[in-house]
Amino acid sequence: MTNQYRGINSLVNPVDDKPWMFYSFNDGVNVGLVGTSYIWQTPLKREERRFETIRSIEGEPQPTWEWNATIYPEFLADIDGDGRLELVCRMLVGYSTSPRGIAVYDFETGEVKWRFDMPCIVHSLLYGDFDNDGKTEFIVGTISYKNTSKIINGFDDSSGYLAVIDTSGELLYQEQLFEGFGSVNLSRLPYRETQDKAIYATISTDERKKRNSVTKLSWDGKRLQKHESWDLGTYFDPRGQPYQFHNMDGSRKWRLFLADKSKGLIVLDEDLKPIPHDYQGFIKSICAVGDLDQDGFSEIVVYTADKHIEILDHNLKVRASLPSPIMGDEAVRLHLAETGFDSPMLVAAISGNQVFYYSYNQLSAFVIFRNWVQAYHWLITLILALFAISSLSFILYTQLQFRSLS
Ligand SMILES: [Ca+2]
Ligand SMILES: [Ca+2]
Ligand SMILES: [Ca+2]
């Protein structure tokens, strides 16, 4: 039994631009989802919407561990063009296989419109009209944890898949990319800015022997066609944060950052050509990318193998480094926290139920000098006093000498 809120995410209603915050909870048997939105007027009005609960699949043995089923909303859009909004969610659960896959709700009534059940977890989900036929589709990349031998809708939990599902929940295409533990991470360039419809699939299997790669793909309505590809040669953590393209300096240059387990940081451009850099640190995970200090250039927040939180600037130079506040081997997650419109973001380090916040500011030479003076005023006073004493004694000494000469 748990009342813990999970899967917190916010999405904007595309019809009226109203932001909605969603959270999921479960009672050990059913997993629910609630959406809230505030109307900023006096008195403040709060609108709440409850979505149909989802049960674990019947016959599934109740796990002895905590059933952490979560509904995670990804898109709020009219996916099928019927004039009504749908809320598209990933169904997530650890160890147990139910529920996993995709759930689509009617946003107005809160009823489940369709579900696509899978024994494996949807690691990443893209949505758009990738073949320009006027109809949108979902591109799915899975992560296999080998929790079950069940096969549902042609998928299993012991291999990695790429798939395409239409907006009524029908499977259009499926391809097994590897066998064993690993993930298929998907990313794309932001369509509004680039008009680009390429799909990038990163395969990470946590094994040196298997092919770990990034491949550029396109959807032609029938299959996912492969184009450029970049082979890692080594491997990286399949459980890492989904890798995304970032525009670091407001230019039209897009960069994909990957944390390789033996080579360290790898930077690729949109044609999957590696970009040379001289960052030497060894990154365990790339946690977040964003403009922390609002100067128009993005920073990268990374967690290093020697348990430091580091902030790299857009040229991959280390700008800040501090030891992790969490002792021991506990996993640390780093996120960027918005603090309101036009104000700098905070870096949140989360482990278990502990959260630490850090701010990142670039200091001008004057501020650095002032901070230094404030921190070391006793030292400065001491140096000045020593200088005064030595000057005084020199004057006295020369005067004494002068007198003795006269
Ligand atoms: Ca609709
Ligand atoms: Ca289409
Ligand atoms: Ca910045």
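**Leucine 334 and its surroundings**

Leucine 334 touches Cys287, Ala288, Val301, Tyr303, Ile309, Val347, Ala348 and Ala349, leaving aside residues up to four places away in sequence. This comes from a predicted model. Leu334 and Val301 have the most contacts inside the largest nonpolar core. That core has 78 residues.

**Core**
- Val301 is one of the residues that Leu334 touches.
- In soluble globular proteins, nonpolar side chains tend to be buried together.

**Sheet 24-25-26**
- Three strands make up an open sheet, ordered 24-25-26, with antiparallel pairing.
- Strand 24 (333-337) and strand 26 (354-359) are the edges, and each has a single partner strand, so one side of each has no neighbour in the sheet.
- From one strand to the next, the twist averages 25°.
- Strand 25 covers residues 346-351 and pairs with strand 26 over six bridges, in the antiparallel sense.
- Opposite alanine 349 stands phenylalanine 356, in strand 26.
- Ala349 is also among the residues touched by Leu334.
- In a regular strand, side chains alternate between the two faces of the sheet.

- Strand 15 (residues 213-219) and strand 16 (residues 224-231) run antiparallel and are joined by six bridges.
- Tryptophan 219 has leucine 224, in strand 16, as its bridge partner.

Definitions and conventions. Residues are numbered from 1 along each chain as its sequence is written. Chains are lettered from A and ligands numbered from 1 in the order in which they are written. This is a predicted model: local features need pLDDT of at least 70, side-chain atom pairs count only at pLDDT 80 or more; totals for chains, interfaces and linings use all residues. Two strands pair if DSSP finds at least two bridges between them. Helices (H or I, at least four residues) and strands (E, at least two) are DSSP runs, numbered from the N terminus. Axes are lines fitted to C-alpha atoms, for helices over the stretch in contact, and angles run from 0 to 180 degrees between N-to-C directions. A nonpolar core is a set of buried Ala, Val, Leu, Ile, Met, Phe, Trp, Tyr and Cys residues joined through C-beta atoms within 7 Å. A residue is buried if 20 or more other C-beta atoms lie within 10 Å of its own, exposed if 12 or fewer, and partly exposed in between; C-beta atoms are placed from the backbone. Two residues are in contact if their C-beta atoms, placed from the backbone, lie within 7 Å.
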